[in-house]
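Subject: Handover of a structure

Dear colleague,

Please find the structure below, together with its sequence. My findings follow it.

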Amino acid sequence: MAEAAGTLRLHAVNGAAEAVGVFPAMPLADARAVFPALKVTEADPEDDAAALETLAQWATRYTPWTAVEGIAPGGGAGLWLDVTGCAHLFGGEAALARDLRDRLTGFGFAVRLGLADTQGAAWAAARFLAGEEAGGGDDDGDGAGLALLPEGAQRQLLMGLPVEALRLPAAVVETLKRLGIRRIADLAALPRAPLAARLGAEAARRLDQAIGRAPEPFTPRAPVTPWRERLAFAEPIGRTEDVQTAIAALCRALHPRLERERKGARRLLLEMFRVDGEVIRRMVGTSRPVRDPDALARLFKETLDGLDAGFGIEAMVLSLPAVDPLEATQTGFTRGAGEAPDAAERAARTALLLDRLRTRLGEDGVLRPVPRESHIPEASVTVAERTPGGTAPDTWAAAAPRPVRLIAAEPVEPLAEGTPPAAFRWRRRTWTVARSEGPERVAPEWWHGPLPHPRAARDYWRVEDTGGHRLWLFRGRAARWFVQGVFP
Amino acid sequence: MTAEHRLELLRRRVRAIEGTAREVGAVLPLGLPEVDAALPWGGLPLGCLHQVVGEPGDAAEAAAGPAAALGFTAVLAARLAARRGGTVLWCVRRGSVDDALHPPGLARLGLPPAQVMIARAADDAEVLWCMEEGLRAPALAAVVGQARDADLTAGRRLQLAAEAGGVTGFLLAAGGRAGRGGPTGSVAATTRWRVVPAPSAPVPWPGLGPAAWDVTLDRCRGGLPGRWKVDWDDETGDLSVAAALRDGPADPPRPAVRRLA
């Protein structure tokens, strides 16, 4: 039920309601009059759309090309699958259709499925030929809900259908009916030019598309990468070890083509199709192109912790949304532990390790420090780079000693006179200064413009206490002293 | 076959029986004859796990962290990085006192930050996991991990990983916590060092001379413990033994303030 133009109207009805004479778009009051015990719930188009989207994603277990047909009142919504070139994986088109129908029925959906050469014919077949009792008509109900049009047969079959089967706007259908054109055959028999002049190009275009005279491009819901491998299991798998074995197999299946086209994977998407229709997705990235199958498989190892396989995983798809050129052939990882690998191989292997750590620690979990041109100690480092090596290392060499541990400046409580104080309290301990060195003046960087908190010049001292501990002290505003670092 | 050669073969057999000298072969001499002599391998054996701890229960280390132990570890890792090439993986706990490494300070210790990757783990268990993964990757120069609680099992795992990957690991325990199997607890490492700061020698100019570390070789498979006062010159990056220390009280009397704290 949904509210439209101030009236509560039925949005969709189930088979039982249809049987007692209640139809979509009927005002609720009329429906109640027809059948007082009618059970109504609020329509939730967003929820419906989300469910359909989930279903479309699930359907990628059959083919990467899936799309959602928009939800419209009167049951216009649907799911598109382009199974061109995929059907043989499931034992033919009929077997695929039956499998799809049985699984969807298992999820609790009522299914009408049409298969044809063109989108228009499939749409019409699903809605007008695939009735509950129609179709193949086997005794065991094997054809229930299915309408599989043989190749090239759509023209003949469509002719007998009403014009509603052409995906036309309701207004056009209304006009056609007023003109006495009820079946598609009537429409096809009309001369083209007056038809277009009267009804617009839409009717002629839809007709041509349905019978295959005009092309209709298929728009999948997500861009599909050509780098894709699929693995289905005779028995659902659930153990993590089995999943890993399957991942390794998928990586090996992708390898020959990667090698042939000299590409390496940068991002990998693993989709695991559970028996109950859930799709588990795992995405991993690499910091450089990788094509070694073992290395790729290992990347997923950390993401499988706590994998909930439910009643089992029945199919897995590994795709590479991003690949990059990778010229050099990687040598095998079989070198003994004692032998020193060369620099390039070492860098590649280090990158792999870091990628693996990152899948567990997060993208910012493994970083390389990079120098920044600043005299302010806390601003002199940025940690951003993903891979080791790169910038010239000597940009680090500060002329003056720098602490090995830098902390946020913490005030100290001086206990004695002196510059720096001869004794002070810091972190609940008394530090007696035995020796000190300084000052080293760190001036504010006026060339960076006025700062939000204009900072004063700081005078830094290295102090050593009587126990040999070395700290980095500075004198801030109002002659207050702070600890900012620890020396080894 | 000379007598010397025969003696060497015999030594090797004894070591093999003791299980101390896997034929790692690779050894990193510290360049300190006194210390190298105390190690049965003539230097720091590679491809195994070493534990470096600060002074547990020391109030100063509790406040500032194990600075000297960190410095000692960094110097060793730096030498490995220079010799083997490759990256040093440094694993710390996110947000802990150890998560404040200052790369210019590491550069000062001879470890170029371009050769350092810092892994920031959520907890100690993850630090140990990172270390294990790193130790199994022969491409790395060394792995350093800072974990508070590492037990015998964790140490054994790391040791095996280091042997499998041929990478040298340093488990650097935070100072400042006494007993409880934490920093002082044995982790079955090949060597265990305790490194604490010592008062440095005065210099004839106003300022600070080389930093002084009180280095104790606590445990060493097939070797004898020892204790030395080692100077680290932050200008040249050199280590030098200032004096061999005997066990017992350290030579400078500890000031009263320190006991009060």
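In this predicted model, strand S11(A) and strand S5 (residues 116–121) of chain B run antiparallel and are joined by two bridges. Within this pairing, the residue that faces Val366(A) is Ala119(B) of S5(B).

The interface between the chains

The contact involves 56 residues of chain A and 58 residues of chain B. On the side of chain A that touches chain B, two or more residues each come from helix H13 (343–361), strand S11 (366–371), strand S12 (381–385), strand S13 (405–411), strand S16 (429–442), S17, S18 and strand S19 (481–487) of chain A. H13(A) supplies the largest share of that side, nine residues. Sorted by class, the side of chain A that touches chain B comprises 29 nonpolar, 14 polar and 13 charged residues.

The sheet in chain A

Chain A contains an open sheet of seven strands with antiparallel pairing, in the order S13-S19-S18-S17-S16-S15-S14. Its edge strands are S13 and strand S14 (413–414) of chain A, each of which pairs on one side only. Inside the sheet, S16(A) and S17(A) run antiparallel and are connected by seven bridges. Glu437(A) has Arg462(A), in S17(A), as its bridge partner.

His469(A)

Where does His469(A) lie in chain A? His469(A) is found in the loop between strand S17 (458–465) and strand S18 (470–475). Is His469(A) buried or exposed? His469(A) counts as buried because 25 C-beta neighbours fall inside 10 Å, where 20 or more are required. Its contacts, leaving aside residues up to four places away in sequence, are Glu464(A) in chain A and Ala60(B), Ala64(B), Ala67(B) and Pro197(B) in chain B. Between His469(A) and Val486(A), the C-alpha to C-alpha distance is 8.2 Å, with a separation of 17 residues in sequence.

The largest nonpolar core

The largest nonpolar core has 169 residues, of which Ala77(B), Trp90(B), Ala119(B) and Ala142(B) touch the most other members. Helix H4 (residues 67–84) of chain B gives the most to this core, namely twelve residues.

Yours sincerely

How values were computed:
Residues are numbered from 1 along each chain as its sequence is written. Chains are lettered from A and ligands numbered from 1 in the order in which they are written. This is a predicted model: local features need pLDDT of at least 70, side-chain atom pairs count only at pLDDT 80 or more; totals for chains, interfaces and linings use all residues. Helices (H or I, at least four residues) and strands (E, at least two) are DSSP runs, numbered from the N terminus. A residue is buried if 20 or more other C-beta atoms lie within 10 Å of its own, exposed if 12 or fewer, and partly exposed in between; C-beta atoms are placed from the backbone. Two residues are in contact if their C-beta atoms, placed from the backbone, lie within 7 Å. A nonpolar core is a set of buried Ala, Val, Leu, Ile, Met, Phe, Trp, Tyr and Cys residues joined through C-beta atoms within 7 Å. Ala, Val, Leu, Ile, Met, Phe, Trp, Tyr, Cys and Pro count as nonpolar, Asp, Glu, Lys and Arg as charged, and the others, Gly among them, as polar. Two strands pair if DSSP finds at least two bridges between them.
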